[in-house]
Amino acid sequence: MDALNELKLEQQLRGAAKKPPEYQWTQTDLNEAWRKITAPILGLMESLANLPDSVEIVGANQRILPRELTDLATMSPKELLELCGQLREVWTALAALADQQKKLVRGKAQDILQTWWESYPLADGPHWNVYYQTGTFFPTHRNYRALIARVCFDNRDFLGRCGNLECKDKPYFIKPRRNSKFCKGCRRYDALQRVKKSQAKKRQSARKGKGRA
Ligand SMILES: [Zn+2]
């Protein structure tokens, strides 16, 4: 889970929290905070989605997470395994919706997103920062399901499924561009397939040419 080691979230949140604690954050402030944490959370999501479906491996990766930083480290390995499976499900559904340019999330993905948001009741406390004067709220680092839910939803255009069906690198990848089709490791594979295709085409037209002669 290399992306986790590079997790800049804590830093970003600390930076954003320089204002005095009694400061009532407005939606504009919070949008900026969401923008800042998007890249590190996308990196984290990519790592989680590509973990194998094994409680031992997920547990081993979980142990490198700093416990004070995130509830991903303090939930049971079984819970984290379940979250990884849910993430793959939501990822696949949102990626398909983005391809069809549809906005409404329905079915299982909708249910999962809802359970992520409702993991903890919305009250000022360890899981939410609620700013009553401005009517705004923000999940804390002890509420990663909500952080992931929002980042997933906002970045659905960039949640990619690798076009190489035998992808061993990152079947779930963050698309550098909306029309990216392959993870970084498989881009070479794609280039090779194109070369093969064009060579086959050339051979075919050469054969046709011969047939006419
Ligand atoms: Zn791939």
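## Strands and how they pair

Two strands are said to pair if DSSP finds at least two bridges between them. Strands themselves are DSSP runs of E with at least two residues, while helices are runs of H or I with at least four residues; both are numbered from the N terminus.

Welcome to this predicted model, in which local features need pLDDT of at least 70, side-chain atom pairs count only at pLDDT 80 or more, and totals for chains, interfaces and linings use all residues. Residues are numbered from 1 along each chain as its sequence is written.

## The overall layout

The protein chain has nine helices and four strands.

The protein chain has 213 residues, and 26% of them count as buried (20 or more other C-beta atoms within 10 Å of a residue's own, with C-beta atoms placed from the backbone). Contacts are pairs of residues whose C-beta atoms, placed from the backbone, lie within 7 Å. Among contacts with a separation of 6 or more, 55% link residues 24 or more positions apart.

## A hairpin to look for

Strand β1 (residues 128-131) and strand β2 (residues 136-139) run antiparallel and are joined by four bridges. Asparagine 129 has phenylalanine 138 in β2 as its bridge partner.

Four residues lie between β1 and β2 in this hairpin, and glycine 135 in the turn has a positive phi of about 65°.

## Aspartate 154

Helix α8 (residues 144-154) contains aspartate 154. Why does aspartate 154 count as partly exposed? Because aspartate 154 has 13 C-beta neighbours inside 10 Å, and partly exposed is the class between exposed (12 or fewer) and buried (20 or more).

Tryptophan 34 is 120 residues from aspartate 154 in sequence, yet their C-alpha atoms are 9.9 Å apart in space.

Terms used. Two residues are in contact if their C-beta atoms, placed from the backbone, lie within 7 Å.
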